[in-house]
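I opened this model to look up its charged pairs, then its core. My notes follow the order in which I checked things.

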Amino acid sequence: MSNLQLRVISAVVLAVVTLGLTWLGGLPFRLLCAAMTILIFYEWTRMCRPVAATGLGLLPEALLLVFVGALVAGLPASWLLLLVAVMVVVTVVVASMGQPSTGQPSMHQAGQWDASGLAYAAISGLSLALLRDGDHSGLVAILFLFAVVWATDIAAYFVGRAVGGPKLAPSISPGKTQSGALGGAVGGVVAGLLLAAAAGAGNLAVLGVVALVLSLVSQAGDLFESWVKRRHNRKDSGTLIPGHGGVMDRVDGLVAAAFALYVIGWISATADHPAQGLFPA
């Protein structure tokens, strides 16, 4: 089977599973978010954790499991956000107490990367889970997010290949172009507005601005993950998805945009029901 066939099959399977669990919402979707959180942290540590810096043991993994349990149980946003802060602080403090070995990566350095990975993975799962919630507003919010991010990726790819031109960030991701970024932003806004109109949303002007923000943040999230990989001399974040690389390679833009949409929704409504501020029932 060719790599292209693997990519297509993997993409279809992932889309079907993701959309199915998104439609169900509630516990099934929280389980999806929990699995994503675990896999993101797994890939992050495989990329970023120095082999010799093992002083933290399984502390970060244990902290993450506590968070995942709280996420699946449906704890309020205030408790989940507090857990994220505690995880990061505990990891940094414990790591700072270790003594570096001569010529080896320090435990403090490992702790910084592990703390960053905990925050990145946990906020990713939290944002998606709380955006979806269990109501109609949450369903529309997640579908809006998917439409913007997926359209941004597709449009950026095809416009970049067709138009070319100056590179967007050659030192981080040599393949991305400024024309592709602009095309992706336009595609993301159009897809977001089409989804919002189909869902009967009345605040299309506001949602158009939100879609533009999400598209830009999605592309920034993609560049951030590319920077992390380049920083650690990795081509892919992992090999879990046939033909695509790792989970982080597939969701880097999505989780960044999810956090942005969560914050926007939180400002508009509440931390526990952010979607209702953008897509009132």
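Which residue forms a salt bridge with Lys176? I looked it up: the partner is Asp222, and the closest N and O atoms are 3.5 Å apart. I count a salt bridge when a side-chain nitrogen of Lys or Arg is within 4 Å of a carboxyl oxygen of Asp or Glu. This pair links distant parts of the chain, with Asp222 in helix H8 (residues 204–231) and Lys176 in strand E2 (residues 173–177), 46 residues apart. Helices (H or I, at least four residues) and strands (E, at least two) are DSSP runs, numbered from the N terminus.

Before going on, I noted the ground rules. This is a predicted model, where local features need pLDDT of at least 70, side-chain atom pairs count only at pLDDT 80 or more, and totals for chains, interfaces and linings use all residues. Residues are numbered from 1 along each chain as its sequence is written, and side-chain values use heavy atoms, with hydrogens and water left out.

Confidence came next. pLDDT is the predictor's confidence in each residue, from 0 to 100. The chain averages 89, and 90% of the residues score at least 70. Helix H1 (residues 3–24) is lowest at a mean of 83, while helix H7 (residues 178–198) is highest at 96.

Back to the charges. I found three salt bridges in the whole structure. Glu225 pairs with Lys229 at 3.6 Å between the closest N and O atoms. Both lie in helix H8, four residues apart, about one turn of the helix. Lys229 also forms a salt bridge with Asp249, the closest N and O atoms being 2.9 Å apart. Shared partners join Glu225, Lys229 and Asp249 into one network.

Is Glu225 buried or exposed? Glu225 is buried, because its relative accessible area is 2%. My cut-offs are under 20% for buried, over 50% for exposed and partly exposed in between (1.4 Å probe, protein chains only). Lys229 is buried at 11%, and Asp249 is buried at 8%.

Last, the core. The largest nonpolar core has 62 residues, and Ile40 is among those with the most contacts inside it. Such a core is a set of buried Ala, Val, Leu, Ile, Met, Phe, Trp, Tyr and Cys residues joined through side-chain atoms within 4.5 Å. Beyond its neighbours within four places in sequence, Ile40 is in contact (heavy atoms within 4.5 Å) with residues including Tyr120, Met248 and Val255.
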